[in-house]
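Thanks for coming. I will go through one model this morning, beginning with a pair of strands and ending with the whole chain.

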Amino acid sequence: MERYPFAYDPSQPFIQQAADWVADVFYELLPEAGFEVRDEQIYMAFQLEKAFAEKKTIFAEAGVGTGKTLAYLLYAVCYARYTRKPAVIACADESLIEQLVKPEGDIAKLARHLDLVIDARLGKSPDQYLCLKKLDHARVEGDEEMVWEDIAAGLPDFVYSSAPMQSFHTYGDRRDYPQLGDEEWKKISWDPFQDCFTCDRRHRCGQTLSRDHYRRATDVIICSHDYYLEHVWTYDGRKREGQLPLLPEHSSVVFDEGHLLESAAMKALGYKMKHTVFEELITRLLQNEIRESLAVRIDDAIVQSEAMFGAFGRHSRLIPGSDRKEIMLTEELLGEVHRFRGLLTAIEEELVFEGELYTLDEYQLRIVEEHLDMMQQALMLFERSEALICWVEDSPEGLTLSIMPGTVKDVLKTHVFGPRMPIVFSSATMSVDGSFRYLADSLGIESSLSFSVASPYAYPEQMQVLAPAWNLADGFEGKMKEAVRLLQQTGGRALILFRTREELRRFKHMAKDEPLLTGIPFYFEGDGEISHLISAFQREEESVLCALSLWEGLDVPGPSLSNVIIWSLPFPPHDPVFNAKRKAAADPFAEVDLPYMLLRLRQGIGRLIRSRDDRGIVVLLGEELWTNPGVKEKVLAVLPEGVELCEQV
């Protein structure tokens, strides 16, 4: 394979030569292959040239149908080959990854029509892989025994063999188990509390083998925002533990649906703690020959950990519409945390002496010390309680405590935007009132390039936006009546987007007993692997897909998606993350809630028209359209140009 898809002259600037080739692609090669090349796409390509030439961050806002993926792929692949480091394309979630790499996706199209061999590999998040330890536990527990036994029987022979591995291949991907709902998958998938470092199965684990595979990518590694930020957050810690970072050195980064990066950062750049995990980890030290004083400290710490998590349970309260519980800072709770921190400090001091005696396994000791250090940092943040976001969640093994810094700007500024490399933010919706400052400020980006191009589609002719005036006093039932009427009107062929999991659950329950919906196939997010649900929805034209996470990235052209029903205007939840942002704002509604809702709403509306031949309706069922004139005015302003809101009274 030739290194570059053009004749390279080393005496001339590389990016200029790449840009000349990109021009040939859009003006000659793709039109000859039958592609419809758009002016907006060509404009975007030449804007990206500057970002790669100057190694700068660029906000590339391009409307639906611009073909932005093709534009950034051309530069990313060329630049990866020039630097001999792969490009990273970070997508907002796993379903967007699948959209990018599907057989008819953009990477496959480029490779086929430009006669390129593109080495693109998936770097999926760990929770997208089967955990052998958890599968064994599920089999022993006997819960749904035949399901787990069938999965174990379908694993490669080398997984349960003690013989040396002659050959192996990746396995255990979430996509391989479409029959499992999300709750079933959680019983056998990796979770943040799995101790992979000391697992005796790690070298036959599908996640480990997959990581080895994507590390060898020469052109592109595709991962999620969460995974990229996990790489950033764990980079130093993994090096201290003698491990490779999650991702190899790379030449550029593309954040597809980049407006969602902040929420992913706040999720990834934090600490998680659980009593059962601490107890299991710290008791490993008792299996060694240790001094009695250390053994006593360990026993005391286990008792105090249980007391501390009990206090978190007593001093937390449920948040409507969220799985997270708000923590109430009290003197009792802070006292329990302080006592536990004191015991951790005492154990760390004891371990200094134990390390000098060489009675502890060095690798195990390093793991324990790293974990204790993490807990100390997290609880120190909690005790100071300044610029802090924290919550607890219930789980079968007890409470999980999550602690994160109140702002992610500093971490991103240093570790993501600090290194000098091309970084592309790509989305149809990143600006608010024509400015990118809202997003740039929230991420700590001080210097950037930006541009915005509209969609080439004729929205006034292709889309109608409806706001049915249902009886607000009827609440959920009133919305249900309107939704049923409109689903009958389009014969299914609909995507219903929900704001909360509770809304989706309630709709699912009521839809089962609605006689007017009999015969319409429904697919609900959570009932199976998401890419299989999307494929089934696209394949069965008269079906309905109900989802929480598909506001972005879903690309289903044609009559299968002729109706997008937005159940509620997508305001952010009242959970600890957004409550912290509200507290820091002078006008929380105007600075936090409204911009978030408008960006997400624009994305949801964008699911309808995916080609020049698409036609359909968008239905807005948000109560605020009828109760808050200011919100209605803002919603009208973000509708595609020329599209009016049709109020159905």
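**Strands, a helix and the overall fold**

Start in strand β12, where Ser452 is the bridge partner of Glu61. Keep in mind that this is a predicted model. That bridge belongs to a parallel pairing of β1, residues 57-62, with β12, made over five bridges.

β12 itself covers residues 449-453. Which of its residues are on the covered face? They are Leu449, Phe451 and Val453, while Ser450 and Ser452 are on the uncovered one. As background, side chains in a regular strand alternate between the two faces of the sheet.

Next, the open sheet. Seven strands make it up, in the order β15-β16-β14-β17-β18-β13-β19, and the pairing is parallel. The edges are β15 and β19, the latter being residues 645-648; each has a single partner strand, so one side of each has no neighbour in the sheet. From one strand to the next the twist averages 20°.

Inside that sheet, β17, residues 563-566, and β18, residues 616-620, run parallel and are joined by four bridges.

Now the helices. α19 lies across β13, β14, β15, β16, β17, β18 and β19, and runs at about 170° to β17.

α20 takes in residues 501-512, twelve in number. From first C-alpha to last, α20 reaches 17 Å, close to the 16 Å expected at 1.5 Å a residue. Which residues of α20 are buried? They are Glu503, Leu504, Phe507 and Ala511. Viewed down the axis of α20, the buried residues fall within an arc of 95°, so they line one face of the helix. What do the buried residues of α20 pack against? The partners are α19, at 475-490, together with the strands β14, β15 and β16.

Last, the whole protein. The secondary structure amounts to 25 helices and 19 strands. The radius of gyration is 26 Å, close to the 26 Å given by the globule rule for 649 residues, so the protein is as compact as a globular protein of that length. Along the principal axes, the C-alpha atoms fill a box of roughly 80 × 70 × 55 Å. Of the 649 residues, 55% count as buried. Among contacts between residues at least 6 apart in sequence, 77% join residues at least 24 apart.

Technical notes: Residues are numbered from 1 along each chain as its sequence is written. Side-chain values use heavy atoms; hydrogens and water are left out. Helices (H or I, at least four residues) and strands (E, at least two) are DSSP runs, numbered from the N terminus. The expected span of a helix is 1.5 Å times one less than its number of residues. Buried means under 20% relative accessible area, exposed over 50%, partly exposed in between (1.4 Å probe, protein chains only). The arc is that of the directions from the helix axis to the C-beta atoms. Contact means heavy atoms within 4.5 Å. Two strands pair if DSSP finds at least two bridges between them. Axes are lines fitted to C-alpha atoms, for helices over the stretch in contact, and angles run from 0 to 180 degrees between N-to-C directions. The radius of gyration is taken over C-alpha atoms; the globule rule is 2.2 Å times the number of residues to the power 0.38.
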